Amino acid sequence: MSQSFYQTMPSFGFSAPQIETLRQRLSVPQFVYVCGPAGGGKTRAALLVAWTFFHSLGRPFRNDGQDMTTEQIRQAARDHNAGILFNDMAAVQDYMKAGFCLDCRMVALGLAFDGPAKANHAHAYLLAYLPSLATRSDVTVIGVERDNEAEEERYTVDLLTT
């Protein structure tokens, strides 16, 4: 992995209040949706969140959600996995698997294939695939895009919680 993967959340673009909000929210089952334009930093943001809040704390976390069956997700829950990462979600079944992960009392960390960088727009985008999440209070949306005005590689992060 590149050295930039190991950057801190503040150096990536997360603010201290955003980090604290994520710390609190990721201690319980949660649907975390990361959205933004192609090349905007979605995958880096999701891996940084997973590394910071799961791997470094010794909480089991899988990153192969796209390839898992619902039975494998159930088994992961029985194995006490803290969560599963779903990459490049583009089809309805991808969103449904991530929603099932949440139903199994895990964190579902889903990355949109492509989408808006503003968290409120990304939330509307998410609800188009999983409208049942509109009634839940365990959804966190992270909008990410590259900050082209920064001198070093940095991203703009927009956070919305429901």
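Colleague: What makes β2, helix α4 and β3 a right-handed unit?

Modeller: This is a predicted model. In it, β2, helix α4 (residues 70–78) and β3 form a right-handed β-α-β unit. The term applies because, with the strands pointing away from the viewer, the path from the first strand over the helix to the second runs clockwise.

Colleague: Which elements make a β-α-β unit with β4?

Modeller: β3 and helix α5 (residues 92–103) do, and that unit is right-handed.

Colleague: How do you know that β2 and β3 pair?

Modeller: Pairing needs at least two bridges. β2 and β3 have two bridges, in the parallel sense. So they count as paired. F61 stands opposite G83 in β3.

Colleague: What joins β3 to β4?

Modeller: Five bridges do, and the two strands run parallel. At least two are needed, so β3 (residues 83–89) and β4 (residues 107–112) pair. G83 has V107 as its bridge partner in β4. F86 stands opposite G110 in β4.

Colleague: Why is β3 called mostly covered?

Modeller: Buried means under 20% relative accessible area. Five of the seven residues in β3 are buried, so the strand is mostly covered.

Colleague: In what order do the six strands of the sheet stand?

Modeller: The order is β2-β3-β4-β1-β5-β6. The sheet is open, and its pairing is mixed.

Colleague: Why is one side of β2 and of β6 left without a neighbour in the sheet?

Modeller: β2 (61–62) and β6 (155–161) stand at the edges. Each has a single partner strand, so one side of each lacks a neighbour in the sheet.

Technical notes
Residues numbered from 1 in each chain as written. Predicted model: local features only at pLDDT ≥ 70, side-chain atom pairs only at ≥ 80, totals over all residues. Heavy atoms only, no water. Helix = DSSP H or I, 4+ residues; strand = E, 2+ residues; numbered from the N terminus. Buried < 20%, exposed > 50% of the residue type's maximum accessible area, 1.4 Å probe, protein only.
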